[in-house]
Amino acid sequence: MRNWILSSCLALVLPCFSFAQQPAAADKASASTPSTTTAAQPKLADLLEAKVRAAWEAFKKKDKKAYAEFLADDFQAVESDGEGERTKLHVLGEVEHCMYTDYLLQFFQVQPLGPDYAFVTYESSMQFPKSSALRFRRVFVGELWTQRNGQWKMMRYQETTVR
């Protein structure tokens with residue numbers, strides 16, 4: 001019985017050690033890359049964070065044309081309401097029905113996935129009108145951004161409710 005418990009504990013703990021060592025290896029690998037790569041990452045992070053913030057502001061202002069500029073033609077979204085995937089056209093139809101009155105975006109992380117892709121995560125806290133059944137809502141958001149024809153566009157949007 002002791003051997004089974006020990007084996008079970010080791011099976012759970014050992015993967016943690018291997019994951020804990022991976023960032024250190026990644027840090028060593030990034031230390032050997034040219035400084036232009038490390039300098040480009042903060043610029044990309046700042047650029048995409050600014051784009052995300054501008055997209056949220058366009059949505060809040062119910063500016064369908066401005067919001068559409070941030071989305072790739074093959075854009076797909078999955079929101080936390082459980083209604084499944086939404087296309088670009090579907091989401092643009094929702095812009096004019098925007099209900100949040102204020103929002104806070106925080107905890108941004110940008111992970112480059114090659115020269116033309118990046119994964120952006122952040123948390124959004126939204127406030128709705130006093131007359132709404134739902135006054136506040138927090139979601140964790142993951143977005144896939146792609147660079148096409150020199151322009152960064154949001155390709156995928158996925159949100160999960162934070163409790």
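A residue counts as buried under 20% relative accessible area, as exposed over 50%, and as partly exposed in between. Glu49, at 23% relative accessibility, is therefore partly exposed. This classification is applied below to a model that is predicted.

The protein chain contains four helices and six strands. Read from the N terminus, the order of these elements is α-α-α-β-β-α-β-β-β-β. The chain has 163 residues, and buried residues make up 30% of them. Among contacts with a separation of 6 or more, 50% are accounted for by residues 24 or more positions apart. The accessible surface of the protein chain is about 10,700 Å², and carbon and sulfur atoms contribute 59% of this area.

Side chains of opposite charge can pair when their charged atoms come close. Ten salt bridges were found in a search of the whole structure. One of them joins the side chains of Arg53 and Glu49, with an N to O distance of 3.0 Å. Both residues belong to helix H2, which covers residues 35-60. Arg53 and Glu49 are four residues apart in this helix, about one turn. Like Glu49, which has 23% relative accessibility, Arg53 is partly exposed, its relative accessible area being 33%.

The side chain of Arg86 forms a salt bridge with that of Glu79 at 3.9 Å, N to O. A salt bridge also links the side chains of Arg86 and Asp81, here at 2.4 Å, N to O. The side chains of Arg86 and Asp81 are likewise listed as a polar contact of 2.4 Å. Asp81 has 39% relative accessibility and is therefore partly exposed. These pairs form part of a network of salt bridges that links Glu79, Asp81, Glu83, Arg86 and Glu94. When neighbours within four places in sequence are set aside, the contacts of Arg86 are Phe75, Gln76, Ala77, Glu79, Asp81, Val91 and Glu94.

Empty space in the model was also examined. Rolling a probe the size of a water molecule over the atoms shows where empty space is left. The largest pocket holds about 530 Å³ of space. Its lining consists of 24 residues, and those nearest the centre of the pocket are Phe59, Glu79, Glu94, Tyr100 and Arg137. Two or more lining residues come from each of H2, strand S1 (71-78), helix H4 (88-95), strand S4 (117-127), strand S5 (136-148) and strand S6 (151-161). Glu79 and Glu94, named among the residues nearest the centre of the pocket, are also members of the salt-bridge network that includes Arg86.

Strand S4 also contains Ser125. With a relative accessible area of 19%, Ser125 falls under the 20% limit and is therefore classed as buried. Apart from neighbours within four places in sequence, Ser125 is in contact with Asp102, Tyr103, Leu104, Gln106, Arg137 and Arg138. One of these contacts, Arg137, is among the residues nearest the centre of the largest pocket.

Technical notes. Residues numbered from 1 in each chain as written. Predicted model: local features only at pLDDT ≥ 70, side-chain atom pairs only at ≥ 80, totals over all residues. Heavy atoms only, no water. Buried < 20%, exposed > 50% of the residue type's maximum accessible area, 1.4 Å probe, protein only. Contact = heavy atoms within 4.5 Å. Areas by Shrake-Rupley, 256 points an atom, 1.4 Å probe, with all protein chains shown as cover. Salt bridge = Lys/Arg side-chain N within 4 Å of Asp/Glu carboxyl O. Polar contact = N/O pair within 3.5 Å; in protein donor to acceptor, adjacent residues only side chain to side chain. 1 Å grid on protein atoms, 1.4 Å probe; cavity = no way out; pocket = protein on both sides within 12 Å on 5 of 7 lines; lining within 4 Å. Points joined across faces, edges and corners; volume = space filled by probe spheres on them.
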